[in-house]
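Me: I would like to go through this structure term by term. For each label, please set the value against the cut-off.

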Amino acid sequence: MIRCFRKSIVVVAAIAAVAFILEIYVMFIKDFILVWTRPLAALMIAVIGLLAARIAGNLTASATNTGLLGILFHDMDPDRFIEAYGSVAGRTRKGSFDSFSSYAYLADGYSASGKPERALEIIDKAYSEAKDKDKLLPYYRTNRIRYLLASGLYVQADDELARLLDDISGRDSALKANIGKATLPMKEFLDTYLRGNPDYSSLVDEMNYSKVLTSKLEAASLVRVLRERNGESTKDADRIIALYPKYRGGIDQSKR
């Protein structure tokens with residue numbers, strides 16, 4: 001991710017410049033170093049400089065990336081996030097894990113800004129370009145379900161969930177547990193909306209207790225759909241949604 005951010009590029013360039021200056025100093029200026037040892041000293045400086053530049057660059061890129069993600073997941077300002085993060089994914093190496101995850105974050109931003117159809121386009125393109133499709137498939141399908149729900153495409157989301165559960169049936173038990181936990185609120189919503197299941201307590205718990213604000217608000221939006229459909233009060237969901245006025249993902253789905 002180093003090349004994705006100006007700060008990390010500057011850090012790498014600065015360390016490389018210092019290492020180069022030290023090499024010149026050792027090779028041609030420092031008299032007390034024996035002539036025959038100067039190339040070895042210069043090589044050591046080059047190797048150490050390269051490692052230091054890479055480590056510092058990665059740390060700077062990671063910190064910068066985390067700061068930008070905070071605009072979406074902490075400040076809950078998706079429009080500002082899209083503006084700040086829009087060019088980051090395009091600078092990643094095409095097909096890499098960093099590329100897929102960056103595009104997934106960008107898709108989250110569009111979904112939170114009330115444009116889940118655009119989020120679907122982005123995540124589909126990112127997955128089509130990914131090299132390790134098998135490893136990324138469960139996360140790709142999970143994101144698609146979220147965006148389909150935000151789009152009000154509940155039957156399609158239900159079909160996608162069925163494919164996801166089939167995909168992970170023979171996989172690692174820890175992965176199955178994590179995906180099952182992440183998709184349980186979605187499954188409860190779909191079972192309630194499409195099949196009349198009366199219990200969607202996990203969805204309500206997600207709305208009330210999730211520490212991930214985007215997940216909390218997605219759940220609140222879905223709870224609102226069910227409450228309104230059943231002729232029940234939507235005050236609990238409306239109260240949470242009102243706390244984050246810049247978030248628009250799924251809020252109007254009950255009106256579709």
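Reply: Start with aromatic pairs: rings of Phe, Tyr and Trp (its six-membered ring) pair if their centres lie within 6.5 Å, and planes under 30 degrees apart count as stacked, over 60 as edge-to-face and the rest as tilted. Ring pairs of this kind link Tyr154, Phe189 and Tyr193 into a cluster. The model is a predicted one, in which local features need pLDDT of at least 70, side-chain atom pairs count only at pLDDT 80 or more, and totals for chains, interfaces and linings use all residues. Residues are numbered from 1 along each chain as its sequence is written, and side-chain values use heavy atoms, with hydrogens and water left out.

Me: How many aromatic pairs does a search of the whole structure find?

Reply: The search finds six aromatic pairs.

Me: Why is the pair of phenylalanine 73 and tyrosine 105 called edge-to-face?

Reply: The ring centres of phenylalanine 73 and tyrosine 105 are 6.1 Å apart and the planes stand at 75°, so the pair is edge-to-face. It links distant parts of the chain, with phenylalanine 73 in helix 2 and tyrosine 105 in helix 5, 32 residues apart. Helices here (H or I, at least four residues) are DSSP runs, numbered from the N terminus.

Me: What makes phenylalanine 73 and tyrosine 105 partly exposed?

Reply: Buried means under 20% relative accessible area, exposed over 50%, and partly exposed in between (1.4 Å probe, protein chains only). Phenylalanine 73 has 24%, so it is partly exposed. Tyrosine 105 has 29%, so it counts as partly exposed too.

Me: What makes the pair of tyrosine 127 and tyrosine 140 stacked?

Reply: The centres of tyrosine 127 and tyrosine 140 are 4.1 Å apart, with 5° between the planes, and the pair is stacked. Tyrosine 127 lies in helix 6 (residues 116–129) and tyrosine 140 in helix 7, so the pair ties together parts 13 residues apart in sequence.

Me: Are tyrosine 127 and tyrosine 140 buried or exposed?

Reply: Tyrosine 127 has a relative accessible area of 13%, so it is buried. At 10%, tyrosine 140 counts as buried as well.

Me: How do you know that the buried residues of helix 12 line one face?

Reply: In helix 12 (residues 235–242), Ala237, Ile240 and Ile241 are buried. Seen down the helix axis, these residues fall within an arc of 100°, so they line one face. The arc is that of the directions from the helix axis to the C-beta atoms. An α-helix has 3.6 residues a turn, so residues three or four places apart point the same way. On the other side of helix 12, Lys235 and Ala242 are exposed.

Me: Which helices do the buried residues of helix 12 pack against?

Reply: They pack against helix 10 (201–209) and helix 11 (213–229), where contact means heavy atoms within 4.5 Å.

Me: Which residues of helix 3 are buried, and why do they line one face?

Reply: In helix 3 (residues 78–85), the buried residues are Pro78, Phe81, Ile82 and Tyr85. They fall within an arc of 100° seen down the axis of helix 3, so they line one face of the helix.

Me: Where is serine 113 found, and what is it in contact with?

Reply: Serine 113 is in the loop between helix 5 and helix 6. Its relative accessible area is 3%, so it is buried. Leaving aside neighbours within four places in sequence, serine 113 is in contact with Pro78, Asp79, Ile82 and Arg248.

Me: Where is methionine 76 found, and is it buried or exposed?

Reply: Methionine 76 is in the loop between helix 2 (38–73) and helix 3. Its relative accessible area is 2%, so methionine 76 is buried. Its phi is near 55°, a positive value in a residue other than glycine.

Me: What makes arginine 93 exposed?

Reply: Arginine 93 has a relative accessible area of 54%, so it is exposed. It lies in the loop between helix 4 (88–91) and helix 5. Leaving aside neighbours within four places in sequence, arginine 93 is in contact with Arg3 and Ser99.

Note on methods: Helix = DSSP H or I, 4+ residues; strand = E, 2+ residues; numbered from the N terminus.
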